[in-house]
Amino acid sequence: MNLPNKTKVTLMIDTAVYLGLQEKVGVRGLGEYLSQLARPYVVKSALAASYKEQAADKQNKEEAGWWEDSDGAEIKAENTWQL
């Protein structure tokens, strides 16, 4: 199935949301902004790109390193019922 690269869509959104989007990206950039925002959630091929982006995130790596180095004692202590 050959789909066009772009499809015109009519959406009903809150006025406050529209005004915020318009302020952030402008009227002309709205469609592209919403497409990029939704892409990781709805396009399967975008999943790999999302993983690459996450892997490049230094703060995410630092947090993951903390979890990796942890023996879980802090979590076990917080989530264990004391009888």
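Where does Val17 lie? Select Val17 and you land in helix α1. Helices here are DSSP runs of H or I with at least four residues, strands are runs of E with at least two, and both are numbered from the N terminus.

A word before moving on: this is a predicted model, where local features need pLDDT of at least 70 and side-chain atom pairs count only at pLDDT 80 or more, while totals for chains, interfaces and linings use all residues. Residues are numbered from 1 along each chain as its sequence is written, and side-chain values use heavy atoms, with hydrogens and water left out.

Stay on Val17: its relative accessible area is 42%, so Val17 is partly exposed (buried means under 20%, exposed over 50%, partly exposed in between, with a 1.4 Å probe and protein chains only). With Val17, they make a nonpolar surface patch of about 370 Å² accessible area together. Patch members have over 30% relative accessible area and no salt bridge; nonpolar side chains (Val, Leu, Ile, Met, Phe, Trp, Tyr) are joined within 5 Å, like charges within 9 Å. A salt bridge would be a side-chain nitrogen of Lys or Arg within 4 Å of a carboxyl oxygen of Asp or Glu. Areas come from the Shrake-Rupley method with a 1.4 Å probe, and for residues only the protein chains shown count as cover.

Next, pick Thr7, in the segment before α1. Thr7 counts as exposed because its relative accessibility is 59%. Select Gly31 too: the two C-alpha atoms are 9.9 Å apart, although 24 residues separate Thr7 and Gly31 along the chain.

Hop to Ser50 in helix α3, which is partly exposed at 24% relative accessibility. Its C-alpha atom sits 9.6 Å from that of Arg39, 11 residues away along the chain.

Which residues gather in a patch of negative charge? Select Glu53, Asp57, Glu62 and Glu63 on the surface. Asp and Glu count as negative, Lys and Arg as positive, and His and the chain ends are not counted. Each charge is placed at NZ of Lys, CZ of Arg, CG of Asp or CD of Glu. Asp57 belongs to the loop between α3 (46–56) and α4 (58–69).

The protein chain has 5 helices and 0 strands.
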